[in-house]
Amino acid sequence: MDYLKITRSLIYKDRNDLKDFGVQTPDTMNYLLFMYLKQQALMGVPGARDVALRCYNNAYYICTIILLEANDFPELRISDYVDTILDTEKDNKYTDEVCLASMAMACLLLARYDDRYGRNSDIWNAIYHRCTHYQWYHSSATEIFLNMMSLEYSFSFPLSNTEFEPRNIIEAIEEASPLDLALGHKYICNSLSNVTDRRKAIYGADLAISRLNDDLREIYEDWEYNPDTDSFEYEDELMRDLDSEQRVRDGIEIRKSAVEYIIEHFPTKENTNNENKKESVNDIIQNNINGHQSDDETLRQQLTDALKTIKEQTQTINEQQAELERLNTLNEVLNNQIERFEVDTPEMDIDEDTALSIKESIIFFSSIMGCNLSKEDISQTNLARLISKFTQRPKESIRPKIVDINTERENNAKNHTAFSDGVHQAAVNVCALIENAMEGLNKNPLPHSCKQAVENIRNIYKSPGRNIELHEIAEAKKSLKKI
């Protein structure tokens, strides 16, 4: 298995703080290594703390990969490891310096982890020759690498035998994106087979399959398949091109193949509750007839148990049929009541003057549900369906507004841009409507949840120099009809 082709986050979880590596603990390998790293010129650049953290994470990732490939001649893949780090760092500053510092640290860590990787080992020599390549001739990157490598004999503290273990696969499945799960499905199956707790292993496989299937449903919701033209159509006109459609087909195929592979390879037949893999009663009887059980008494007992099972299943089926008949009768009664209600009750149209606008509906529902509108955190399509159920507005009109408001929220958070007049006024109106709805005859204070919803809206939809002021809400309460 080529572990470099597997998403990094499935194998190794980047740490967010240098202290997570124990660099602050004296008399440890990482404490001494950090001391020497701080002596390098690279640690004098702006943002040096982040640079040092990147070096440590890269080094630990490379050590983890090398140990996973220990039996597949990792010394022949040093160039691949270097290229991987260079690609990881391509959008950051000091790419070459961070890469060579990371490789030097990986080399030193491995040497202390296992004597097989010490000076004059194949790994040591391969890393040394690759990282002193003329590609970096007379560069500061080479200088850092040579300075770090010269410290090999200064370290005497051993490392734990679990220091470079791959990350917990269950945790990785829970946090990875569906695409990462699809691309790493073989690694996932292989890792789950090594999980000692069978229930956790089955949970991991089921979770991966469930998340991949949910992602497929999302894709099918966003893209509408036309069987007459054998093509996918996207809601956004700009996305309707051959290249985009092919990427969608490729993405669907990758996810489907991953689901099929996981189902086929894990869980295995033993100790599972997969009904498709259970022997049926007829299979048991047939196996006994064919001589798989030579003992007459055992055969008799098997047949007795099988007949008992058939009797119990027949009784269950009869009970389910009776329940189905009862439900059908109840359904017929309810349908008749509905028909009478529709005849006796005139159809009422929504008054557009009093109905919530789409923007107001989105702000109202997201505030009382306590959720944001990002596609990474919610299903925008399903939220549109929910709002459509309550407001009778088409979900096709609601979802683009969800996207628009979410875009404004993200721009406001990142660039501090103001919300549009429409969104601002919609937020004011929702606050006013909530307060009007809760204003009883006795003028009681707002219930806590309603008060919290109003505060959430005021906090979320405030802009630089333009907050949702109390007097705005008061004016809106006067102009809007009370619910």
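Author: Arg 167 is buried, its relative accessible area being 11%, where buried stands for under 20% relative accessible area, exposed for over 50% and partly exposed for what lies in between, with a 1.4 Å probe and protein chains only. Its side chain meets that of Glu 171 in a salt bridge, at 2.6 Å from N to O, a salt bridge being a side-chain nitrogen of Lys or Arg within 4 Å of a carboxyl oxygen of Asp or Glu. Glu 171, for its part, is partly exposed, with a relative accessible area of 29%. Side chains of opposite charge can pair when their charged atoms come close.

The model is a predicted one, in which local features need pLDDT of at least 70 and side-chain atom pairs count only at pLDDT 80 or more, while totals for chains, interfaces and linings use all residues. Residues are numbered from 1 along each chain as its sequence is written, and side-chain values use heavy atoms, with hydrogens and water left out.

A second pair is that of Arg 217 and Asp 214, whose side chains form a salt bridge at 2.1 Å, N to O. Because they stand 3 residues apart in helix α11, about one helical turn separates Arg 217 from Asp 214; helices here are DSSP runs (H or I, at least four residues), numbered from the N terminus. Both partners are partly exposed, Arg 217 with a relative accessible area of 47% and Asp 214 with 35%.

Leu 216 lies in this helix as well, α11 covering residues 198-222, but Leu 216 counts as buried, at 8% relative accessibility. Leaving aside neighbours within four places in sequence, Leu 216 is in contact (heavy atoms within 4.5 Å) with Ile 252, Arg 255 and Lys 256. The C-alpha atoms of Leu 216 and Glu 253, which are 37 residues apart along the chain, are separated by 9.7 Å.

Elsewhere, salt bridges that share partners link Asp 2, Glu 69, Arg 77 and Asp 80 into one network. Over the whole structure, a search finds 16 salt bridges.

Notes
Helix = DSSP H or I, 4+ residues; strand = E, 2+ residues; numbered from the N terminus.
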